[in-house]
Amino acid sequence: MDENVVPSVFVFAEQVDNQITPVSFELLAKARELAAKLECEVVALLLGDKVENLVQPLFSYGANKVILCEDPALAQYRTEPYTHAISTMIRQYKPQIAIFGATSIGRDLAPRIAGRIHTGLTADCTALDIEDETKRFMMTRPAFGGNLMATIVCPEFQPVMATVRPGVIVKRIPDPNASGEVIRFELDFVENDCYTKILDIIKKEASTKHNIQDAKILVAGGRGMKGPEGFEILQELADVLGGEVASSRAAVDAGWQDKARQVGQTGKTVRPNLYIACGISGAIQHMAGMEESDFIIAINSDSTAPIFNIADVGIVGDVFKIVPKLTEAIRKERA
Amino acid sequence: MDFNMSKEHLMAKQLFHDFAINEIEPWAEETDENHRFPWETVRKMQSTGFMGIPFPREMGGQGCDTLTYVLAVEEFAKYCGTTAVILSAHTSLAADAIFQNGTPQQKEKFLRPLADGTKLGSFALTEPEAGTDAAGQQTKAVRDGDEWVLNGTKIFITNAEVADIYVVFAMTDKSAGTRGISAFIVEKGTPGFSFGLPEKKMGIRGSSTCELIFENCRIPVNNLLGREGKGFGIAMSTLDGGRIGIGAQALGIAEGALDRTVAYVKERKQFNRPIAGFQNTQFVLAQMKADIESVRYLVYNAALLKDAGKPYSVEAAMAKLKASQVASEVTRQCVQLHGGYGYIQSFQVERMMRDAKITEIYEGTSEVMKMVISGSLLR
Amino acid sequence: MNIVVCIKQVPDTKEVRIDPVKGTLIRQGVPSIMNPDDKAALEAALRLKEQFGAKVIALSMGPLQAELVLREAFAMGADEGYLVSDGKFGGADTWATSSTLAAAISKLDYDLILAGRQAIDGDTAQVGPEIAEHLGVPHISYAEEIKVEGREVIVKRQFEDRYQILKAKMPVLVTALSELNQPRYMTPGGIFDAWRNKEIGRWSRDDIPVDDGNIGLKGSPTKVVQTYPKTMKQPGTKIETDVDESVQYIVEKLKEKYIL
């Protein structure tokens with residue numbers, strides 16, 4: 001190993017509109033764990049234009065050093081200048097590991113860098129670890145549509161690169177007094193044919209209703225919601241969770257919900273990360289459409305309701321009392 | 001003898017299956033419940049080349065064969081009997097009658113738009129007094145200069161209100177019996193051509209079925225299909241081909257009902273175990289499966305004979321007879337295995353049971369099929 | 001304009017099930033399909049062909065049975081199809097796969113390369129950008145709209161909270177989201193033509209100008225050391241208590257699952 005090189009774990013500190021993407025803080029927490037086992041330091045890479053104000057939070061959440069690269073070419077994310085900057089940093093500092101959030105930026109940028117550097121990249125990891133004896137970097141990710149987990153290593157190339165799914169790592173409690181070295185990284189950005197031009201940026205409308213089959217979180221209601229008004233409290237819960245409302249057939253037949261939101265044999269088959277079944281007894285034909293959900297919470301006043309047989313968490317109780325309080329509690333958590 | 005399907009047939013079957021799952025199944029229940037013609041689906045079938053499967057490319061068709069067409073009807077019928085019969089009546093009755101009997105000009109003018117999906121076809125033989133006894137035609141066509149003048153009423157006509165091009169049979173010489181029947185091509189919108197009220201049917205409720213009424217309806221002499229007096233032969237030979245389509249429809253309905261029932265008996269628990277665990281269930285399923293597979297060979301065989309240019313009239317009759325019987329029996333058993341759930345709408349099998357019944361009746365009843373088969377035995 | 005579309009044959013992961021007794025993946029009977037994002041890329045290419053006139057060339061890498069997705073591409077309207085297939089390419093990770101495909105593409109005349117964003121069996125989204133890097137051309141991933149103006153492409157690129165409208169010069173690689181379009185069905189006649197009147201170009205190891213060190217298992221920087229089925233669902237817990245405790249219990253569980 002090059003004597004001038006200090007072993008390190010690189011963390012891409014993704015920022016959009018001068019705000020650090022939350023997954024970057026999660027990555028810092030994981031990088032600290034990895035760095036402790038490897039006895040090396042955590043280096044955050046911050047790219048943008050006039051983003052120096054974002055350096056301190058990176059220290060607070062666990063970075064030992066920050067490499068700061070500021071240039072108008074980096075103001076908005078574009079593949080080529082970001083690839084150029086980070087590839088150059090990697091070549092200069094030779095980190096052992098480089099991790100990125102599996103965001104739509106991270107998943108665009110990381111493969112381009114891996115291609116340029118010639119190293120291995122593992123996508124969408126849900127667990128990262130250093131094997132005790134060998135010090136190998138073990139990356140675990142789902143494959144086959146989530147049916148299978150695979151653990152992957154990259155023994156002969158460095159840095160070992162990974163993108164990490166947002167939400168799988170718990171952030172550290174920030175230490176506002178933490179500090180560290182800031183390295184200003186100067187680089188020329190010469191436009192070539194690989195540069196794209198941004199003609200426009202269009203923000204998505206927040207209220208866009210999505211197909212329930214695409215939703216990661218579904219809050220579903222059945223006959224137990226007693227009427228269309230009952231679905232309003234479900235909508236509020238779905239909103240704080242960033243999910244969509246779904247329905248059993250009974251509620252659709254009663255005219256309380258759209259057919260497009262119906263889950264089940266005669267409706268849609270869904271497989272969200274979280275399915276909250278409220279006032280749904282669990283007819284066979286409903287369960288056929290949702291039993292593959294990753295995590296199922298059922299709230300029903302009838303303790304013998306069949307839905308409890310497939311729920312990970314079953315709450316016997318009154319949906320009209322529990323759901324509004326749950327919405328409130330989550331809103332506080334999210335604040 | 002080769003029972004293996006070619007790769008192109010396997011891929012076509014997959015295409016029809018995917019289309020059925022995405023475009024047909026979602027509408028099947030509503031089509032039935034509201035007696036509504038599934039226009040959304042039919043438009044997609046038209047734009048995907050499904051309305052001209054067995055006809056040559058140069059006539060606007062897809063250049064495939066009868067077996068491919070049969071696979072389409074079968075796959076669609078697994079989900080919706082209505083959609084299957086729309087395709088069947090269009091293809092093997094209306095379009096094929098013109099393909100087999102039309103002049104080059106008639107094929108260009110009438111077959112091409114049917115085959116390329118711009119127009120929908122219908123076939124009108126049955127009358128109030130002429131069902132199985134097709135020779136009892138009351139509709140008359142009288143030559144008047146460059147035109148034929150049609151008068152009379154057809155009943156129970158599939159694709160009636162929705163079609164654009166109709167093959168219509170009428171008496172041109174009452175004294176000549178079956179040799180006095182001729183076939184004509186009539187376009188929608190021809191003055192004197194109107195429709196009766198839609199029938200309320202037991203099954204295939206989304207298909208448009210009603211009377212065609214001809215009152216001094218004048219059509220050009222060029223619209224005579226085949227020669228004058230040859231209409232009965234045209235009707236009978238066209239129905240031979242149509243029966244392959246109905247056999248495929250019946251086969252598909254039976255398969256669809258069995259697929260749903262197999263899934264159901266694995267889920268449904270009684271006495272603390274899935275009802276699939278009971279020998280009664282297993283034996284009923286086994287019998288249904290064996291019946292369905294035997295019918296498949298009859299239907300495919302009739303299609304292959306037609307494609308090979310060999311006689312297939314008796315084989316088509318046998319295929320339709322057995323397939324329709326199996327469809328009725330299988331759907332009835334499937335409802336029984338579903339118990340109470342089988343009797344309510346959302347489990348689909350009750351619709352399939354209602355849809356299956358018509359396959360024993362239209363394009364020749366089972367009794368007519370037996371006449372065709374015994375006729376060939378006792379010849 | 002020549003458009004190369006990269007297509008992968010994948011197992012339909014919706015149909016993959018776990019053996020409830022052994023806890024292993026049941027692959028038997030799982031149908032193979034054209035990867036959905038790739039199909040959107042092919043559809044985009046066919047629409048550009050209809051709009052401007054173009055030659056659409058489908059390219060796939062995989063075992064010989066991957067021929068099926070190329071036949072499917074023909075039946076949808078692709079003009080040419082090439083299958084890169086050789087045991088020596090087997091076991092490739094995204095780096096080795098992209099090296100091989102880039103070398104194959106370099107044999108073709110191309111103005112535009114379209115690929116799916118990701119394949120449903122791997123979900124990596126890495127092969128497209130890595131191919132572009134190997135070829136030294138720009139890439140735009142996550143495309144929701146693709147327009148061509150002369151020698152430039154204009155792409156509506158999706159991010160979590162926004163879109164960028166990006167312009168790039170040809171040759172360029174674009175990766176397509178399923179949201180890009182509703183792919184057409186094959187036609188029955190197209191299927192017959194695909195099998196009876198079209199030839200697939202078959203390329204083996206010696207046809208592809210790529211170093212041995214960059215292909216197959218040996219050329220793959222990453223190695224899979226272990227696979228295991230996702231943990232089976234445990235029988236759930238059912239609680240019957242007062243409202244506040246119920247709410248607290250749910251919140252804790254959501255935190256455990258990183259939903260909060």
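1. Leaving aside neighbours within four places in sequence, with which residues is Lys216(A) in contact? In this predicted model, the partners of Lys216(A) are Gly243(A), Pro272(A) and Asn273(A). Lys216(A) belongs to the loop that runs between strand E13 (197–203) and E14 of chain A. Gly243(A) lies 27 residues away along the chain, yet the two C-alpha atoms are separated by 6.6 Å. Lys216(A) counts as partly exposed because 16 other C-beta atoms lie within 10 Å, a number between the limit of 12 or fewer for an exposed residue and that of 20 or more for a buried one.

2. The overall make-up of chain A may be set out next. Chain A contains eight helices and 18 strands, and its C-alpha trace spans about 70 × 50 × 40 Å along the principal axes. Chain A has 335 residues, of which 50% count as buried. Among its contacts with a separation of 6 or more, 63% are accounted for by residues 24 or more positions apart.

3. Chain C can be described in the corresponding terms. Six helices and 15 strands are found in chain C. The C-alpha trace of chain C spans about 70 × 40 × 40 Å along its principal axes. Of its 260 residues, 52% count as buried. When contacts between residues at least 6 apart in sequence are taken, 71% of those in chain C join residues at least 24 apart.

4. The largest nonpolar core has 255 residues, and the members that touch the most others are Val11(A), Leu45(A), Phe184(B), Val299(B) and Val5(C). Helix H6 (residues 231–267) of chain B supplies the largest share of this core, with 15 residues.

5. Residues up to four places away in sequence being set aside, Leu45(A) touches Phe10(A), Val11(A), Phe12(A) and Ala13(A), together with Ile67(A), Ile86(A) and Met89(A).

6. Helix H5 (residues 228–241) of chain A has 14 residues, and the distance from its first C-alpha to its last is 20 Å, close to the 20 Å expected at 1.5 Å a residue. Its buried residues are Gly230(A), Phe231(A), Ile233(A), Leu234(A), Leu237(A), Ala238(A) and Leu241(A). Why do these residues lie on the same side of H5(A)? The reason is that they cover an arc of only 155° around the axis. Glu229(A) and Glu232(A), on the other side of H5(A), are exposed.

7. The surroundings of H5(A) are also of interest. The elements covering its buried residues include strand E14 (217–221), strand E15 (244–247), strand E16 (274–278) and helix H8 (319–334) of chain A. Gly242(A) follows H5(A) and has a positive phi, near 70°.

8. The buried residues of H6(C) are Ser246(C), Val247(C), Ile250(C) and Leu254(C). They fall within an arc of 95° when seen down the axis, so they line one face of the helix. On the other side of H6(C), the exposed residues are Asp244(C), Glu252(C), Lys255(C) and Glu256(C).

9. Which elements cover the buried residues of H6(C)? The cover includes strand E17 (295–300), strand E18 (313–316) and H8 of chain A, together with strand E15 (237–239) of chain C. Just after H6(C), Tyr258(C) adopts a positive phi of about 60°.

10. The contact between chains A and C takes 66 residues from chain A and 64 residues from chain C. On the side of chain A that touches chain C, 33 residues are nonpolar, 17 polar and 16 charged. Strand pairing also joins these two chains: strand E10 (residues 148–153) of chain A and strand E14 (residues 223–229) of chain C are antiparallel and pair over six bridges. Opposite Thr151(A) stands Gln226(C) in E14(C).

11. Chains A and B also touch. Their contact takes four residues from chain B and four residues from chain A. On the side of chain B that touches chain A there are no nonpolar residues, one polar residue and three charged residues.

Note on methods. Residues numbered from 1 in each chain as written. Chains lettered and ligands numbered in written order. Predicted model: local features only at pLDDT ≥ 70, side-chain atom pairs only at ≥ 80, totals over all residues. Core = buried A, V, L, I, M, F, W, Y, C linked by C-beta atoms within 7 Å. Helix = DSSP H or I, 4+ residues; strand = E, 2+ residues; numbered from the N terminus. Contact = placed C-beta atoms within 7 Å. Nonpolar A, V, L, I, M, F, W, Y, C, P; charged D, E, K, R; others polar. Pairing = 2+ DSSP bridges. Expected span 1.5 Å × (residues − 1). Arc of directions from axis to C-beta.
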